[in-house]
Amino acid sequence: MPASRPIWKGQLRLSLVSIPVELFSAAKTGAKPSFRQIHEPTGKPIHYEKVVAGVGPVDKDEIIKGFEYEKGDYVLLTDDEIDAVRLETRKTLELTQFVGACAIDPIYYDKSYFVVPTDELAEDAFRVIRDALRKTQKVGLGQLAMRGKEYLAAIKPSGTGLMLETLHYEDEIRKSDPFFSQISNKKAEPDLLEVATALIEKKTAAFDAKAFKDHYQAALHELIQRKMKNKGRKITADDSDEPKRPSGSNVVDLMAALKESLEGGKTSPSARRKPAEKKAPAKATAKKTTTTARKKAS
């Protein structure tokens with residue numbers, strides 16, 4: 001059994017079958033360096049206080065939740081009143097619908113959790129649901145309440161267990177029209193599309209998360225180690241390896257770039273650039289030479 005504490009305990013229900021399960025966060029915390037805000041003159045950490053205008057700092061016991069229904073007017077709710085809101089989904093996640101495994105747009109996915117049966121007695125029914133979802137290639141949908149919110153959730157098989165992924169509700173997703181409305185519906189050029197498609201096929205492989213590393217976090221760790229070795233003194237970043245942005249005089253031809261990428265970078269840089277320099281007119285050069293010769297003769 002995992003060493004971490006479950007964030008939710010309840011029943012996973014399919015029709016008349018109920019299975020006691022626990023949820024564990026699939027994401028690790030502490031994998032990235034975290035920072036504190038520091039008061040530079042003293043080197044001491046910044047602390048935050050809960051204050052009321054005209055009163056000053058207040059005790060935690062004096063704080064309750066309030067919903068602002070008009071500017072400056074609040075409906076006040078105590079923790080007991082909020083806890084008294086009983087939802088069946090607080091203890092039960094019922095699978096009410098099933099959809100194809102690829103039917104949910106990725107934009108709806110939020111966070112991932114491992115679903116684990118609480119004991120050996122629950123494993124038989126747990127395996128039946130897991131294997132049935134895998135055989136039908138379906139995802140189960142339901143709702144559960146935790147941490148003061150009711151979530152829409154998708155259940156799917158993952159290894160020997162189940163994975164629960166919370167989903168955004170429809171009203172939480174921005175409409176794409178304001179962002180995409182200025183993009184033309186014009187299709188890509190067939191010859192460019194053919195080369196790009198070939199490049200995609202060439203780079204297609206099975207997904208392996210271990211192949212991707214967080215370079216930014218690694219650089220931060222390296223920076224922290226350098227600062228520690230220099231006993232906190234300021235260090236200057238080396239930007240000599242910073243990639244240069246293309247300028248107007250270095251326009252890359254799209255077809256040449258795609259073909260070079262497909263061939264593995266064999267095309268010379270000069271073949272990929274459009275001419276940027278303009279030669280001086282021949283007449284102007286001749287006129288200048290003639291004028292110089294006349295001055296010498298005189």
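Guide: A salt bridge is a side-chain nitrogen of Lys or Arg within 4 Å of a carboxyl oxygen of Asp or Glu. Keep that cut-off in mind for this predicted model.

Visitor: Why is the contact of Glu-123 with Arg-127 called a salt bridge?

Guide: The closest N and O atoms of Glu-123 and Arg-127 are 3.2 Å apart. The cut-off is 4 Å, so the pair counts as a salt bridge. Both residues lie in helix α2, four residues apart, about one turn of the helix. By the same rule the count comes to 10 salt bridges.

Visitor: What makes Glu-123 partly exposed?

Guide: Its relative accessible area is 31%. Buried means under 20% and exposed over 50%, so Glu-123 falls in between. Arg-127 is also partly exposed, with a value of 31%.

Visitor: How do you know that the length of α2 agrees with its number of residues?

Guide: Helix α2 has 14 residues, 123-136. At 1.5 Å a residue, they should span 20 Å. The end C-alpha atoms are 20 Å apart, so the two values agree.

Visitor: What makes the buried residues of α2 line one face?

Guide: Phe-126, Ile-129, Arg-130 and Leu-133 are buried in α2. Seen down the helix axis, the buried residues fall within an arc of 95°, so they line one face. On the other side, Val-128 and Lys-135 are exposed. Just after α2, Gln-137 takes a positive phi of about 55°.

Visitor: Why does the pair of Lys-149 and Glu-172 tie together parts that are apart in sequence?

Guide: Their side chains meet in a salt bridge, at 3.5 Å from N to O. Lys-149 lies in strand β13 and Glu-172 in the loop between β14 and α3, so the pair ties together parts 23 residues apart in sequence. Lys-149 is partly exposed at 38%, and Glu-172 is partly exposed at 37%.

Visitor: How do you know that Arg-226 and Glu-222 form a salt bridge?

Guide: The closest N and O atoms are 3.6 Å apart. That is within 4 Å, so the pair qualifies. Arg-226 and Glu-222 are four residues apart in helix α5, about one helical turn.

Visitor: Which residues are closest to the centre of the largest pocket, and what is its volume?

Guide: The volume is about 420 Å³. Of the 16 lining residues, the closest to the centre are Val-85, Arg-90, Ala-145, Gly-148 and Lys-149. By class, the lining has seven nonpolar, one polar and eight charged residues.

How values were computed:
Residues numbered from 1 in each chain as written. Predicted model: local features only at pLDDT ≥ 70, side-chain atom pairs only at ≥ 80, totals over all residues. Heavy atoms only, no water. 1 Å grid on protein atoms, 1.4 Å probe; cavity = no way out; pocket = protein on both sides within 12 Å on 5 of 7 lines; lining within 4 Å. Points joined across faces, edges and corners; volume = space filled by probe spheres on them. Nonpolar A, V, L, I, M, F, W, Y, C, P; charged D, E, K, R; others polar. Helix = DSSP H or I, 4+ residues; strand = E, 2+ residues; numbered from the N terminus. Expected span 1.5 Å × (residues − 1). Buried < 20%, exposed > 50% of the residue type's maximum accessible area, 1.4 Å probe, protein only. Arc of directions from axis to C-beta.
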